[in-house]
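Let's take a walk through a protein model together.

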Amino acid sequence: MSKLSCIACQKNYEITENRVVCECGGLLDVQQDFAELKKLKLKELFESRLGSRELPDASGVWRYRELLFPTKKIISRFEGNTRLYPARKLSQELGVELFFKHEGENPTGSFKDRGMCSAITAGVSLGCHSFVCASTGNTSASLASYCAEAGLNGIVIIPAGKIAFGKLSQALAFGAKVLQIEGDFDAAMQLVNELGKQFDPQNPAESIYVLNSVNPFRIEGQKTIVFEILQQLNWEAPDWIVLPAGNLGNSSAFGKAIVEAFELGLIDRKPRLVSVQAAGANPFFNYFESGWENFSAVENPETIATAIKIGNPQSYLRAKRSIEETNGIVLEASENEILDAKATIDASGIGCEPASACSLAGIRQLAQSGVIKKGEKVVGVLTGNLLKDPDATINYHTGKLAGIEAKMANQSQQIEASVDAVLSAI
Ligand code: F0G
């Protein structure tokens, strides 16, 4: 039987308690029962579900339900099932075999939907009606959507004036209670952790269930990004998986998924994981560079990649384990590197929001320094859709970003409304 286990004090709980954090305040992990799972023909099972029109099999999260946690009822919006695009031009340029996993194709335009459907499922199974998160934007959009779908009270706490408009508009439109605070994401997160301490297991209906990635059931849903990549590659592990890193829930989920897929024999070797932070919000990079000696929060983080403008990531211990267990690497990318990478991904016709471009910025660094070797298979994860943050894109192309050399700027032209003017402009 799976269980919940504290990564700080090792206390165990029944999986069905659906707890968010340990009594000691430490983060919890879902621990799978590998002996039971090894009895199943998992690959055949997952293959047989592809192409199904019905839930749960038609969800790119619940298709892998045996690897998540037991639940009688599920909440789903057919999330996942995102494309894995071969990046042909960039592959040639960098001498590697590069793919982009476009998580911006999820129902609300980011990977958050995968962890949201699983964690809301866990909370609803407990009898909760009210759900809260702190967010730099995408988590709030996802929470709002799933609460609307399931008829629940969604509450989002966001740093006032600091989240991209595409995301704020989603949270408002989907009907969540949107609370803007003075302060940054880290302050909002602290507030949510305080609310979490007031959770009363005897009275879930009147309590507020926390949906940030401190919640272990978020991590379980997000693992399916890796499972889906592996299935799309016919269960042949890539050499590298590269993703942006902020609060470090996703880096935690990816490492856990890689280790589990390996332990269960779904793949015969582990891809190396690379987490890429923005240089202005880089506490995990500094921690890695210190040889895991000192973790210290970054005060007043700053980056155009507002999704990962986070100074005090909650899941740094879980994410450290992911990097260690996959022989991984942590990198930082400058604002120019992020925006160059974004412009390149955008110009390939796929597009992504600024934070997502950290993946390509990191891949470029590692390919140029020879750490990623010629011919290796690399998957870059694009975590959010281009349309999430149109301001960043427009300001880049109109040259309005201070200190940014917009090498790929594509300026629009104002012309007279005549055929001659069109012909002479093109
Ligand atoms: N990319 C995007 C587009 C994100 O929205 C986030 C996080 C990340 C990457 C980083 O993932 O936090 O698991 O390391 N966004 C959160 C939010 C913080 O509130 O939407 P992480």
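This is a predicted model: local features need pLDDT of at least 70, side-chain atom pairs count only at pLDDT 80 or more; totals for chains, interfaces and linings use all residues.

Strand E1 (residues 3-6) pairs with E3 in the antiparallel sense, over 4 bridges. Strands and helices here are DSSP runs numbered from the N terminus: strands (E) of at least two residues, helices (H or I) of at least four. Two strands pair if DSSP finds at least two bridges between them.

Residues are numbered from 1 along each chain as its sequence is written, and side-chain values use heavy atoms, leaving out hydrogens and water.

Now step back to the whole sheet: 3 strands in the order E2-E1-E3, open, with antiparallel pairing. Strand E2 (12-14) and strand E3 (28-31) each have a single partner strand, so one side of each is left without a neighbour in the sheet. From one strand to the next, the twist averages 30 degrees. Helix H8 (residues 216-232) lies across E1 and E3, at about 50 degrees to E3. Such angles run from 0 to 180 degrees between N-to-C directions, with axes fitted to C-alpha atoms, for helices over the stretch in contact; contact means heavy atoms within 4.5 Å.

Next, find Glu260 in helix H9 (residues 249-263). Is Glu260 buried or exposed? Its relative accessibility is 5%, so Glu260 counts as buried (buried is under 20% relative accessible area, exposed over 50%, partly exposed in between, with a 1.4 Å probe and protein chains only). Beyond its neighbours within four places in sequence, Glu260 touches residues including Gln32, Phe34 and Lys223. With Lys223, the two side chains make a polar contact at 2.6 Å. That term means a pair of N or O atoms within 3.5 Å; within protein, one must be able to donate a hydrogen and the other to accept it, and residues adjacent in sequence count only if both atoms are side-chain atoms.

A second open sheet has 6 strands in the order E4-E5-E13-E10-E11-E12, with mixed pairing. At its edges, strand E4 (84-86) and strand E12 (329-333) each pair on one side only. Inside this sheet, strand E10 (residues 240-244) and strand E11 (residues 272-278) run parallel, joined by 5 bridges.
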